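Subject: Handing over the model

Hello,

Here is the structure I promised to pass on to you. Please open it beside this email, and my notes will follow below.

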Amino acid sequence: GFVSVSMSSRRFALTRLHATALPPCEAQDATDAPAPTAIAFNALRNPSESTRLLAVGDDCSRVHLYTVGTGHTPAAQLDDALVEEDVAQGIHMQLVATTSFGENEGMRGNHDDDDDDDDAPAVTSVAFHPTRTNELYAACGTHVVVMDVENDLRVLRVHVVAEDEINAVAIHPKGTFFAVADDTGRASVCECGTADEGGASVPAKPRKVIRSAHDGICSAIAFAGSRRPWDIVTAGYDCTARLHDFSTGKVKAEADMRTTSPSSSTGAPEEGREMCNPPFVHAVAVLDPPGNSVVVCRGDGRIALWSYGAGGGGAMEWLGGACEMPGAKRQAGHASAATSVAVCHIHDNVLAVTGGNDRRLILWDVSNDAPWRSRDGSHGDVVAAPLHVVKHAAGKVNMLAADGAYVAVADTSDGVSLYC
């Protein structure tokens, strides 16, 4: 759904504006509704435009394309218990196209021979190309599918990229490369093609394959930003986040979450709660600019802000502690695994929204001049309070996407929620 961000004296809040259910999947049992598993906004081509594109992948090998913008939302689409009429008047979310990869010739061989045909792989990640705005990339099984958003999601080409399931896909800010993280622990950086192959399967052209990026599953990947054109951040279930130079494959910096935790007791996600989950890294988001900090979501519920220098190294700051919002009584943070993060730029403020298995959405101020950040340039073991905590009743959060003041949530239900 939509998230609204209200701003006054650096006070921000999340408001749920709209929700919509995915169309039913013919390949699934009628009682088994599809769940959204990946989500992404496109960048606005013109800041004056009021309509955005939102891509949603599901667990039925499909991608859906929605327009999201201003306009009247029919009262029949509103959940009166969750959305006020006057808030939702200005928002609409309309399905404009759906494509299923199970019907694509280039996706043959995406299943194991002993798999049931109905067990189509989920779409685990989607990303819009930053310069060719008609192209949408989606990770599904061991393939990356490139679609044309201006032509009803027609498949342009299918890249064979990985030997095992892809968990995340990212595209370089300049649009020259795309990168994937897979279950073998590899991080692969490939050239972005330009040809329309009519949906045929074509081998990806690798720029660099980092075969041992992580010991075990490589769960997340992100380019380090326009100011660090050869750097890439990866994370994995070996409880580490790493900064690589993908021109050489060299590791420039590493954060080991098994040996890094806040010393302050206020860093606990909730007072008196024991966190039993290991600190697997489920998601990362680079703050670009400047491109030298990354928000890290951990399996124990903690949120870290890892900053690294030009030559490597690094320091860790921690997001957590008591919420400073008026009336907040509980210790704020994630009570179970933090699974996703999205970054919003609101005027001169940089905000991060995190979501988790505890069905919470938490808003953090990660601006360089945030009151909690170190003033002398040294980053210590600081615990920052969240700006706002929202209970997302629809389900556990699978993935988040942000564009300006809007946040979209894919969860374990059959729908997508919008906040502002």
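Before the details, one definition: two strands count as paired if DSSP finds at least two bridges between them. Strands themselves are DSSP runs (E, at least two residues), numbered from the N terminus. The model is predicted, so please keep in mind that local features need pLDDT of at least 70 and side-chain atom pairs count only at pLDDT 80 or more, while totals for chains, interfaces and linings use all residues. Residues are numbered from 1 along each chain as its sequence is written, and side-chain values use heavy atoms, with hydrogens and water left out.

**The sheet around E26**

An open sheet is built from 4 strands in the order E25-E26-E27-E29, with antiparallel pairing. Strands E25 (338-346) and E29 (388-391) are at its edges with a single partner strand each, so one side of each has no neighbour in the sheet. On average, neighbouring strands here are turned by 20° against each other, direction ignored (axes are lines fitted to C-alpha atoms, and angles run from 0 to 180 degrees between N-to-C directions).

E25 and E26 (residues 349-356) run antiparallel and are joined by 8 bridges. Ala 338 has Gly 356 of E26 as its bridge partner, and Val 343 has Ala 352. The hairpin of these two strands has 2 residues between them, and His 347 takes a positive phi near 55° there.

On to the next strand: E26 pairs with E27 (residues 360-365) in the antiparallel sense over 5 bridges.

How many residues of E26 are buried? The count is 8 of the 8, so E26 is largely enclosed by the rest of the structure. Buried means under 20% relative accessible area, exposed means over 50%, and partly exposed lies in between (1.4 Å probe, protein chains only). In a regular strand the side chains alternate between the two faces of the sheet. Both faces of E26 are covered, with Asn 349, Leu 351, Val 353 and Gly 355 on one side and Val 350, Ala 352, Thr 354 and Gly 356 on the other.

**A mixed sheet**

Another open sheet has 5 strands in the order E6-E7-E8-E9-E13, and its pairing is mixed. Within it, E8 (residues 143-148) and E9 (residues 154-160) run antiparallel and share 6 bridges. Asp 148 has Arg 154 of E9 as its bridge partner.

**Cysteines**

A search of the whole structure gives 1 disulfide (a pair of cysteine sulfur atoms within 2.5 Å). Cys 25 and Cys 60 form it, with their sulfur atoms 1.7 Å apart. Cys 25 lies in the loop between E1 (16-21) and E2 (36-41) and Cys 60 in the loop between E3 (52-58) and E4 (62-69), so the pair ties together parts 35 residues apart in sequence. Both cysteines are buried.

**Thr 234**

Thr 234 sits in strand E16 (residues 231-236) and is buried, with a relative accessible area of 0%. Its side chain makes a polar contact with the side chain of His 244 (2.8 Å). A polar contact is a pair of N or O atoms within 3.5 Å; within protein, one must be able to donate a hydrogen and the other to accept it, and residues adjacent in sequence count only if both atoms are side-chain atoms.

Best wishes
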